[in-house]
Amino acid sequence: MNKEFTAVGKRITQKDVVLKATGEAIFVPDVKLQGQLWGKILHSKYAHAKFTIDKTRALALPGVVCVITYEDTPKIPYCRSFRDMPMTASGQLQHSDEFILADKARFVGDPIAAVAAVDEKTAEAAIELLEADVKYEVLPFVIDPRDALKPGAPVIHDYSPNNNPVNSTPPPWLAIGDLEKGFAESDLVVEDNFYCSRQIQSHLETQSCCATVDSNNKITVYSPNQLAHPFRRELGKMFNHPVGKINVVTPYVGGSFGCRLSCHTEPICVMLALKTRKPVKLVNSKEEDFTTIDARTPHYLHAKLGLKKDGTLHAMELNVTTWGGGYVSRAMLAGGIMLIWGLGHYRCPNMNGSCKLAYTNTPLGGAMRGFGNPEVMWGIDQLMDRACVELGLDPVEMTLKNTKHAGETCNTGLPIESTYIDDCINEGAKAIGWKEKRGKNKGGTKTLKRGVGMSTMTHCSGAWPLLLEHSGAIIKFNEDGSANLIINPGSPGTHIYGSLSQVAAEVLGISVDDIYVVAGETEKTLFDLGSHASRSMYVTGHAVRIAAEEARKELLAYAAKMLAETPDDLDIKDGQVFVKANPGKKISVAKVSATAIYGARGDGHTISGKGCFVPHHNSPPTAAYFAEVEVDTETGVTKVLNFVSAVDCGKAINPMTVEGQCEGGVQQGLGYGLTEDYVFNPATGATATGNFTTYKIPGAPDMPLETKIIIIDKPDPKGPFGAKGVGEPGLVGIAPAIMNAIHDAVGVRVTDLPIKPEAILKALKEKASK
């Protein structure tokens with residue numbers, strides 16, 4: 001681990017940057033196939049309704065090729081987040097509760113019909129005719145999950161008459177001790193109710209798909225889905241089609257942050273292609289993205305902590321009501337994973353919790369960056385800060401007292417391989433000026449109050465052992481000494497291709513510039529679960545390492561013959577194979593590769609390697625977050641002046657990528673904490689914040705005056721070259737750190753996200769009245 005790396009740890013420019021900067025990169029909306037039709041979807045305008053659709057006028061419109069409704073589709077229920085992937089530690093599966101087109105509208109925006117036409121304008125005209133020719137039988141609807149669980153609430157799915165498809169409890173390693181006794185033994189008990197809001201992923205590329213079926217009945221689907229191989233299998237089930245005759249192509253992806261974990265319009269697009277036998281393209285509007293596809297699952301959380309006088313955490317209880325939408329999607333996992341993150345972060349001898357999932361007549365709850373962790377830490381770390389205030393303790397010192405260390409059980413039930421969270425806390429506190437600023441209103445005025453706050457988190461590097469987890473990679477040398485890295489982890493903006501190329505280059509002894517990534521098609525790549533759970537470097541990185549080691553072994557064996565040496569006596573550096581004891585005796589990798597292919601006598605072959613990796617460990621990344629805020633007591637507006645994120649992601653393969661991920665996380669965390677407010681019209685169930693005009697994401701003027709990212713950069717014993725995951729941790733603790741800083745500034749708290757100015761003013765008024 002202490003060796004001098006040639007590729008790992010270097011700040012390289014990403015491999016796709018030029019194509020993206022010049023506009024040459026092809027995204028799904030850019031795909032143009034011969035004879036391509038345009039698809040459009042008719043969405044329900046009611047939150048809950050039965051309906052009938054007269055297709056006559058739409059079909060008669062010149063240029064319309066196909067109109068489909070529920071009756072025209074296979075009656076095979078599916079789960080858009082892939083049912084056969086176990087979704088809990090016990091192996092419980094997702095519910096298959098959805099059809100390609102709805103049999104009954106269950107939220108405003110539910111797809112109820114679709115058309116394919118010769119151009120976009122004609123498709124839109126057909127949708128207008130269909131909309132006029134729908135007859136609805138409007139049904140009672142329910143928005144709030146707490147109301148949905150009450151007796152007599154409207155039934156959304158017949159199989160679940162109480163709108164409660166599943167309840168979750170913590171896994172056995174987190175349901176420990178005696179909760180009642182633990183609270184009785186505690187010197188201080190703090191508890192509160194928290195609302196963890198729905199957040200839109202706000203990716204640039206809207207949901208899109210292009211599908212075609214050839215004369216051999218092979219289906220090709222162009223999709224931004226980030227779990228391409230599991231998605232292909234799910235398509236096979238939906239359409240009762242051989243998986244080997246389905247190719248999922250993932251071109252460049254214009255962002256995801258979790259929403260591409262599920263399939264959305266793709267089944268509809270494939271259905272239109274099967275019906276018309278022509279290529280069909282479907283591209284959502286931004287309003288359709290806001291109202292019809294998965295977003296961060298909202299929750300109501302009741303959190304309760306018991307502590308000793310010295311700040312030692314002694315008991316913790318978390319009870320969650322998860323706001324599912326009209327279908328379960330990933331909301332089924334969202335509440336249960338909250339329990340795992342929340343109960344698994346701090347050391348505590350007495351813990352338990354529960355989660356109830358509720359169907360509602362609203363758009364679907366899905367995954368978003370951090371998936372459950374930002375939500376649960378919003379509540380837990382507010383209570384930790386509150387306990388510090390009541391016990392007269394420093395939050396930095398109390399947090400250090402309760403953090404877990406290597407060898408203890410982590411959130412996934414496995415031993416912690418490494419954790420440098422103490423370094424994150426200490427370095428972050430120093431960078432924000434904690435001792436100088438905490439409780440001192442340093443730099444504030446009579447109406448502009450300043451404060452500092454903190455939060456911490458533990459996440460994961462992949463989903464083992466909770467979910468299916470493995471990756472494959474192939475490396476093959478070309479005759480010029482370059483190598484193709486054939487992988488398919490999904491790349492929704494994480495720059496993983498560059499970092500994986502660094503791993504390959506480090507093993508192979510060649511330049512990163514000579515690694516060419518081949519990715520994006522299921523029929524050309526080995527199985528890879530895809531991009532989620534901060535897994536790509538930790539799991540796919542190991543697969544790349546194994547493939548590179550195998551290719552390196554073949555290369556050295558062939559070079560040994562050419563140099564009349566033994567493979568063990570050779571090494572590779574800067575594209576040269578040389579004798580370790582006599583570095584002047586060498587041969588280029590290019591010459592070895594070319595000779596193996598073209599100059600061989602009876603044993604010619606392409607030098608290559610294959611790697612498959614299944615982790616039996618999980619090294620959790622950790623982080624600490626520190627905010628300095630200024631609160632205007634006359635308007636309630638909060639400005640984040642400075643923010644520090646200190647992250648333990650093991651060895652940073654590319655520090656620039658790590659910094660970029662964490663800086664982006666701060667922006668999204670600011671939005672989650674302060675501005676992004678997804679609102680429903682209570683009278684209709686329709687989304688009232690359906691675009692960026694009414695749904696505010698932070699822009700450049702809203703960012704902190706200074707943002708500092710600290711990379712601890714200490715290697716993990718199990719990660720590839722010591723690396724751990726880092727994609728999600730950048731976001732997790734932003735909101736609670738801001739809220740705790742607000743309390744330090746003005747002495748009030750808000751428990752519902754986002755932190756609205758009017759809520760701050762209300763709390764200040766209540767404080768003054770007391």
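Select I572 first: this residue stands opposite V577 in β22. The model is predicted, so that local features need pLDDT of at least 70 and side-chain atom pairs count only at pLDDT 80 or more, while totals for chains, interfaces and linings use all residues. Residues are numbered from 1 along each chain as its sequence is written, and side-chain values use heavy atoms, without hydrogens and water.

Next, display residues 570-573 and 576-579, which are strands β21 and β22 and pair in the antiparallel sense over four bridges. Pairing here requires at least two bridges found by DSSP; helices (H or I, at least four residues) and strands (E, at least two) are DSSP runs numbered from the N terminus. Two residues lie between the strands of this hairpin, and D574 takes a positive phi near 55 degrees.

Continue to residues 582-588, strand β23, which pairs with β22 in the antiparallel sense over four bridges. Q576 stands opposite S588 in β23. β22 and β23 also form a hairpin, with two residues between them.

Now select helix α14 (residues 496-508) and helix α15 (residues 536-563), whose axes come within 9 Å and cross at roughly 30 degrees. Axes are lines fitted to C-alpha atoms, for helices over the stretch in contact, with angles from 0 to 180 degrees between N-to-C directions.

Finally, show side chains at this crossing. Among the α14 residues in contact (heavy atoms within 4.5 Å) are L500, V503 and V507, and the α15 residues include M537, V544 and R552. By class, the contact of α14 with α15 has 10 nonpolar, four polar and three charged residues.

Methods. Nonpolar A, V, L, I, M, F, W, Y, C, P; charged D, E, K, R; others polar.
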